[in-house]
Amino acid sequence: MSVTSLDTTRLAKANGPAPVLLTVEEAARCLRIGRTTCYALIRTGELESLTIGGLRRVPADAPAAYLARRRAEQRAA
């Protein structure tokens, strides 16, 4: 089970069903990075996000996809 799965599972237990979208702060916690770093990843397109109204949200599977890409890049290097 990935770190992201663990964190979204914990969120689901605390607040009901598993979240489909995460706040930037929740995504940052899943990745164990700071909020500013998370926004930088979003700005560069490395971490998927979308805007709903005026709110920035990260799909719940995006942190795991980001980690998978990073791991693949490091293995290839």
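Modeller: Let's start with a definition: two strands pair if DSSP finds at least two bridges between them. Please keep in mind that this is a predicted model.

Colleague: Good to know. What makes strand 2 and strand 3 a pair?

Modeller: Three bridges join them, and the two strands run antiparallel. The definition asks for at least two bridges, so strand 2 and strand 3 pass. Look at Leu50, which stands opposite Arg57 in strand 3. The two strands form a hairpin with two residues between them, and Gly53 in the turn has a positive phi of about 65°.

Colleague: How do you know that strand 1 and strand 3 pair as well?

Modeller: By the same rule: strand 1, residues 21–23, is linked to strand 3 over three bridges in the antiparallel sense. At least two are needed, so this counts as a pair too. In strand 3, Arg57 is the bridge partner of Thr23.

Colleague: Let's turn to helix 3. Which of its residues are buried?

Modeller: Helix 3 covers residues 35–44, and its buried residues are Cys38, Leu41 and Ile42. They span an arc of only 100° around the axis, which is why they sit on the same side of the helix. Thr36, Arg43 and Thr44, on the other side, are exposed.

Colleague: What covers the buried residues of helix 3?

Modeller: The cover includes helix 2 (24–31), strand 3 (55–59) and helix 4 (62–76). Just after helix 3 comes Gly45, with a positive phi of about 85°.

Colleague: Why is the meeting of Arg70 and Glu73 called a salt bridge?

Modeller: Their side chains meet at 3.9 Å, N to O. The cut-off is within 4 Å, so the pair qualifies. Side chains of opposite charge can pair when their charged atoms come close. Both residues lie in helix 4, three residues apart, which is about one turn of the helix. The structure holds one salt bridge.

Colleague: And why is Arg70 called partly exposed?

Modeller: Arg70 has 32% relative accessibility. Buried would need under 20% and exposed over 50%, so Arg70 falls in between.

Colleague: One more residue, please. What makes the link between Ser49 and Arg56 a polar contact?

Modeller: Their side chains are joined at 3.0 Å. You can find Ser49 in the loop between helix 3 and strand 2 (50–52). Leaving out residues up to four places away in sequence, Ser49 touches Ile42, Arg56, Arg57, Val58 and Pro59.

Colleague: Finally, how many of the 77 residues count as buried?

Modeller: The share is 29% of the protein chain. The accessible surface comes to about 5,100 Å², and 55% of that belongs to carbon and sulfur atoms.

Definitions and conventions. Residues are numbered from 1 along each chain as its sequence is written. This is a predicted model: local features need pLDDT of at least 70, side-chain atom pairs count only at pLDDT 80 or more; totals for chains, interfaces and linings use all residues. Side-chain values use heavy atoms; hydrogens and water are left out. Buried means under 20% relative accessible area, exposed over 50%, partly exposed in between (1.4 Å probe, protein chains only). Helices (H or I, at least four residues) and strands (E, at least two) are DSSP runs, numbered from the N terminus. The arc is that of the directions from the helix axis to the C-beta atoms. Contact means heavy atoms within 4.5 Å. Accessible areas come from the Shrake-Rupley method with a 1.4 Å probe; for residues, only the protein chains shown count as cover. A polar contact is a pair of N or O atoms within 3.5 Å; within protein, one must be able to donate a hydrogen and the other to accept it, and residues adjacent in sequence count only if both atoms are side-chain atoms.
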